[in-house]
Amino acid sequence: DEGIRLTTAELLKDQAAPRSVYKNFVGMLIRGQRYEEAERWARIATDEYPQDFDLWNALGVSLRRLARYDDALKALDNCQRIDPKNIAALVNRGNIYNDTKDGIRGVDIFKKLVRLHPSNAEYQRNLGRSYWHCGDLAKAEMRLALATKLRPEYLDAWLDLTAVAGESKNA
């Protein structure tokens, strides 16, 4: 908290700080779940450095955490315009689609990511969640089971797998 207070005070005096200061500060705010502050400083930072992928991505993450999904998607659009090959914005876009239970769009994104990184348990889990949101429980269960095999300690994947298996039994 003291570091955040001191950094805020310095940035209020002079907002023409190096981009690394903004990146670290906004990241610290996000890690501390101070999303309103993170959004504020990420907006200031993107005004100062409008071509910085990481700052736009941090803005998108902050807005997603505030459940301001349309604004988050706009920030992520800027990321993809700046660096179309960087998958971080694509992952965050997929997370938004899962948050909003837009399974069709989530499947499109996470299928691409799984093709690029088939052994990534997080992408497999998120693809499973997207299938779940589409109502395709068999595909959801298969992807979630794969996520637990890739990372046996992945508690969220196990919880999702258990929920989908329960829904499958009741269907």
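## The nonpolar core

Which residues have the most contacts inside the largest nonpolar core? They are Tyr22, Val26, Ile30, Trp41 and Leu113, in a core of 46 residues. A nonpolar core here is a set of buried Ala, Val, Leu, Ile, Met, Phe, Trp, Tyr and Cys residues joined through side-chain atoms within 4.5 Å, and buried means under 20% relative accessible area, with exposed over 50% and partly exposed in between (1.4 Å probe, protein chains only). The largest share of this core, seven residues, comes from helix H4, residues 53-65; helices (H or I, at least four residues) are DSSP runs numbered from the N terminus.

The model is predicted, with local features needing pLDDT of at least 70 and side-chain atom pairs counting only at pLDDT 80 or more, while totals for chains, interfaces and linings use all residues. Residues are numbered from 1 along each chain as its sequence is written, and side-chain values use heavy atoms, leaving out hydrogens and water.

## Helix H4

H4 has 13 residues and reaches 18 Å from its first C-alpha to its last, close to the 18 Å expected at 1.5 Å a residue, where the expected span is 1.5 Å times one less than the number of residues. Because 11 of its 13 residues are buried, H4 is largely enclosed by the rest of the structure. The cover over these buried residues includes helix H2 (19-31), helix H3 (35-48), helix H5 (69-82) and helix H6 (88-99).

Among the buried residues of H4 is Arg64, which has 14% relative accessibility. Leaving aside residues up to four places away in sequence, Arg64 touches Tyr69, Ala72, Asn95, Ile96 and Asp99, contact meaning heavy atoms within 4.5 Å. At the N-terminal end, Asp52 caps H4 through a side-chain oxygen 3.0 Å from the backbone nitrogen of Asp54, and just after the helix Ala67 takes a positive phi of about 60°.

## Aromatic pairs and cysteines

The structure holds two aromatic pairs, for which ring centres of Phe, Tyr and Trp (its six-membered ring) must lie within 6.5 Å, with planes under 30 degrees apart counted as stacked, over 60 as edge-to-face and the rest as tilted. The rings of Tyr22 and Tyr49 are edge-to-face, since their centres are 6.3 Å apart and their planes at 65°. This pair joins helix H2 to the loop between H3 and H4, across 27 residues.

There are zero disulfides, a disulfide being a pair of cysteine sulfur atoms within 2.5 Å. Cys79 is buried at 0% relative accessibility, whereas Cys134 is partly exposed at 37%.

Note on methods. Helices (H or I, at least four residues) and strands (E, at least two) are DSSP runs, numbered from the N terminus. A polar contact is a pair of N or O atoms within 3.5 Å; within protein, one must be able to donate a hydrogen and the other to accept it, and residues adjacent in sequence count only if both atoms are side-chain atoms.
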